[in-house]
Amino acid sequence: MNTAYVYLQLYKLFDDSTPLPADCGALCGKACCDGEDSGMYLFPGEKKVFALLNPAWVRIERSEFNYTYNDVEKPVHIAFCDGACDRFQRPLACRIFPLTPYLDQTEQLHIMIDPRAKPVCPLSAGLDITQFDGGFVRNVKKTFILLCKNREFKAFLKAYSAYLDDFLKFYQ
């Protein structure tokens, strides 16, 4: 599977689909894009998109977070931006923010407000997911239903969900 192509197609779902029908960045001064520590995890295979596009505004680094697939430990990378990006070249995590995928103990996929967004994003602190644009939430769900068909992605999502569990203890 050409993962770069898959991600580029999924990105299109979010060209005109956002959490609210207005510019939510205007509410908070684009807090999710602010700061030197502001980075978004790249999903498995997504780094290939940035190797193709090679945007000048993004820096990709290996994170301390890893997952295991076929008994091999795989690194997870983070995309850091300089605060200004080409909206159509953003990573998937930026496009779906402040939502995130989550697998529960029975491996049921859920789309939820990312607990790490609570201190940064007014939407995540003040709204329930049912108050987000319905089309946006459906696009996020469709995206991760598709990606979960890939075994490596699902292995990543299991580890990522366990990682999120630590944040859920503090931000529920």
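Two strands are said to pair here if DSSP finds at least two bridges between them, and the strands themselves (E, at least two residues), like the helices (H or I, at least four residues), are DSSP runs numbered from the N terminus. In this sense Tyr67 stands opposite Lys74 in β3. The structure is a predicted model, in which local features need pLDDT of at least 70 and side-chain atom pairs count only at pLDDT 80 or more, whereas totals for chains, interfaces and linings use all residues. Residues are numbered from 1 along each chain as its sequence is written, and side-chain values use heavy atoms, with hydrogens and water left out.

## The sheet

Strand β2, made of residues 58-69, and strand β3, made of residues 72-81, pair in the antiparallel sense over nine bridges. In this pairing Val58 stands opposite Cys81 in β3. The two strands form a hairpin with two residues between them. An open sheet of three strands, with antiparallel pairing, has the order β1-β3-β2. Its edge strands are β1 (39-41) and β2, each of which pairs on one side only. Neighbouring strands of this sheet are turned by 30° against each other on average, direction ignored; axes are lines fitted to C-alpha atoms, for helices over the stretch in contact, and angles run from 0 to 180 degrees between N-to-C directions. Helix α7 packs on the sheet, where it touches β1, β2 and β3, and its direction makes about 95° with that of β2; contact means heavy atoms within 4.5 Å.

## Helix α6

The buried residues of α6 are Phe136, Val137, Asn139, Val140, Thr143, Phe144 and Leu147. They cover an arc of only 160° around the axis, which puts them on the same side of α6, the arc being that of the directions from the helix axis to the C-beta atoms. An α-helix has 3.6 residues a turn, so residues three or four places apart point the same way. Buried means under 20% relative accessible area, exposed means over 50%, and partly exposed lies in between, with a 1.4 Å probe and protein chains only. The cover over the buried residues of α6 includes α1 (3-12), α4 (92-96), β4 (99-103), β5 (109-113) and α7 (151-168). At the start of α6, a side-chain oxygen of Asp133 reaches to within 3.2 Å of the backbone nitrogen of Gly135.

## Backbone geometry in the loops

Most residues other than glycine have a negative phi, and most peptide bonds are trans. Asn70, although it is not a glycine, has a positive phi of about 50°, and its place is in the loop between β2 and β3. Glu107, in the loop between β4 and β5, also has a positive value, with phi near 65° in a residue other than glycine. A cis peptide bond, with omega about 10°, joins Phe97 and Pro98, and Pro98 lies in the loop between α4 and β4.

## Accessibility and contacts of single residues

The table lists the relative accessibility of several residues.

| Residue | Relative accessibility | Class |
|---|---|---|
| Thr3 | 13% | buried |
| Asn70 | 60% | exposed |
| Phe97 | 14% | buried |
| Glu107 | 35% | partly exposed |
| Val120 | 35% | partly exposed |

Thr3 lies in helix α1 and, when residues up to four places away in sequence are not counted, touches Gly45 and Lys48. Phe97 lies in the loop between α4 and β4; leaving aside its neighbours within four places in sequence, Phe97 is in contact with Pro19, Cys32, Met40, Ala117, Cys121 and Phe136. Phe97 and Cys121 are 24 residues apart in sequence and 9.0 Å apart in space, C-alpha to C-alpha.

Val120 lies in the loop between β5 and α5 (122-126). Val120 touches Ala31 and Cys32, again not counting residues up to four places away in sequence. Between Val120 and Cys28 there are 8.5 Å in space, C-alpha to C-alpha, although the two are 92 residues apart in sequence.

Definitions and conventions
A polar contact is a pair of N or O atoms within 3.5 Å; within protein, one must be able to donate a hydrogen and the other to accept it, and residues adjacent in sequence count only if both atoms are side-chain atoms.
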